[in-house]
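Subject: Structure for you to look at

Dear colleague,

I am passing on the structure that we spoke about, and I would be glad if you could look through it before reading my notes. The sequence and the coordinates come first, and my findings come after them.

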Amino acid sequence: MEAPKPDSAMVERFRAVMLPHLDAAHGFARWLTRDPVRAQDLAQEAMLRALRYFHAFRGEEARPWLLRIVRNTWIDSRAKAGVEQPLEMVEDRPTEAPDPEQNALAGDRRRHVAAALAALPAEMREILVLREIEDLSYKEIAAVLDLPIGTVMSRLARARERLAAALRDRLGRSGHGLPDM
Amino acid sequence: MDCPTCESLVDAYVDGELSATDSADFEHALEACPECRKRLEAARSMSAMLRELPLEPAPDLLHARIDRELRAIAGAAAPRRALPRWTMPVAMAASLLVAACIGWVGGTLTGRGGVGEDEMVSTYLRVASSEHAVDVASSDRHTVKPWFAGRIDYSPPVRDLTSAGFPLEGGRIDVVDGRKVSVLVYRHNQHRVALSLWPAAEPGDTSPRVTSYNGFSLATWRHGGFEMHAASDVAPSEMADFAAALDRDTGEDR
């Protein structure tokens with residue numbers, strides 16, 4: 001598909017419609033790459049790709065549209081870098097061991113939650129970020145991930161179970177209201 | 001509603017995906033189902049924990065990088081549309097202002113249209129992100145130099161500076177202001193130095209001007225007919241060493 005070259009009017013429209021969602025694009029890129037420098041590169045690359053595709057933007061919700069491009073750009077860059085694993089196979093990154101004595105601190109709990117989320121396989125991580133951090137609806141998530149809504153729901157449920165289990169290991173069972181399953 | 005049904009609705013309820021009627025049915029069923037009430041509490045608690053994670057807004061540098069790309073694209077884009085007559089003086093005043101600002105930024109802008117600090121740092125950041133560090137990985141200049149042929153319209157001098165503590169790691173092409181330029185990547189301990197270079201518009205050598213910018217070290221100078229722009233997270237003194245070593249080495253075989 002040969003896209004028309006963006007002219008200055010299109011760039012202006014792009015600025016107005018898409019730039020307000022740069023924070024969301026960057027936040028999502030942070031969770032995908034788990035690396036601050038690569039997240040910036042990814043967000044930038046995705047923004048430029050979004051501009052190239054912008055002629056095909058039909059006034060739907062801008063944020064899911066952009067997040068979908070962030071994700072596709074990420075998948076392409078991984079493929080180019082020779083990472084051939086499907087998302088569900090992506091290795092868990094080792095994270096710091098939990099420290100039970102520190103659990104009372106809210107800041108520490110946040111750190112554990114962030115580490116547990118970061119350690120999830122990419123497929124679970126991305127769906128939780130889209131739902132809980134980007135606050136997308138099932139329908140929007142389905143559009144970003146290119147999945148049927150039923151799969152979004154089952155995948156989300158599995159991701160939540162896995163995260164709950166990881167948090168139980170990290171935070172201990174008491175006082176956090178996490179289900180015993 | 002039986003328990004398996006109400007259990008299956010917990011997530012959708014917390015996620016606000018149930019219709020008003022389904023929500024009401026679910027809430028009604030909850031009264032008779034302590035197990036599902038517990039599940040609901042757990043789901044809400046996990047959601048709350050994720051929502052209290054700090055957001056990661058785009059850093060200023062990223063805003064600047066994208067803004068620059070967009071300006072370059074808009075500027076290079078297709079024929080300008082005719083502007084209303086009144087805009088002419090405004091546009092002229094604006095370009096004078098921009099020219100004045102560029103003049104004021106001064107010394108760092110040289111050669112082919114000039115490169116600002118942000119651009120140099122962006123080049124460095126693209127190098128520092130390990131996946132895209134180099135397109136051709138070699139410490140042998142006889143491998144790196146020919147690689148540029150056919151990719152850019154000039155042949156940059158390629159030097160390995162291992163003896164000075166800056167082994168050559170490879171090269172890559174970067175796009176600065178819409179132009180392709182050669183970038184040589186050097187390693188220094190755990191750090192990398194990204195050296196962008198292109199033919200100078202003016203004759204004569206200048207001595208390296210080393211500056212600090214947002215915690216990065218930058219060096220700008222002209223040597224052997226090339227504009228040199230180096231960016232790195234090394235200390236400014238090491239950046240000065242790098243520039244000096246490069247000048248020394250390039251000078252030796254001329």
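This is a predicted model: local features need pLDDT of at least 70, side-chain atom pairs count only at pLDDT 80 or more; totals for chains, interfaces and linings use all residues.

Chain A has a mean pLDDT of 84, with 80% of its residues reaching 70 or more. The stretch to read with care is residues 88-104 of chain A, where pLDDT stays under 50 and for which the model has 23 contacts beyond four places in sequence.

Turning to the two chains, 41 residues of chain A are in contact with 35 residues of chain B. On the chain A side, at least two residues each are supplied by helices H1 (8-18), H2 (22-33), H3 (36-53), H5 (106-119), H6 (122-133) and H8 (149-171), and H3(A) gives the most, with nine residues. By class, the side of chain A that touches chain B is made up of 21 nonpolar, nine polar and 11 charged residues.

Within chain B, the axes of helix H4 (residues 60-76) and helix H6 (residues 117-128) come within 10 Å and cross at roughly 105°; because angles of 65 to 115 degrees count as roughly perpendicular, H4(B) is described as roughly perpendicular to H6(B). Leu61(B), Ala64(B), Arg65(B) and Arg68(B) make this contact from H4(B), and Asp118(B), Glu119(B), Val121(B) and Ser122(B) make it from H6(B). Sorted by class, the contact of H4(B) with H6(B) has four charged, three nonpolar and one polar residue.

With best wishes

How values were computed:
Residues are numbered from 1 along each chain as its sequence is written. Chains are lettered from A and ligands numbered from 1 in the order in which they are written. Two residues are in contact if their C-beta atoms, placed from the backbone, lie within 7 Å. Helices (H or I, at least four residues) and strands (E, at least two) are DSSP runs, numbered from the N terminus. Ala, Val, Leu, Ile, Met, Phe, Trp, Tyr, Cys and Pro count as nonpolar, Asp, Glu, Lys and Arg as charged, and the others, Gly among them, as polar. pLDDT is the predictor's confidence in each residue, from 0 to 100. Axes are lines fitted to C-alpha atoms, for helices over the stretch in contact, and angles run from 0 to 180 degrees between N-to-C directions. Angles under 35 degrees count as roughly parallel, over 145 as roughly antiparallel, 65 to 115 as roughly perpendicular and the rest as oblique.
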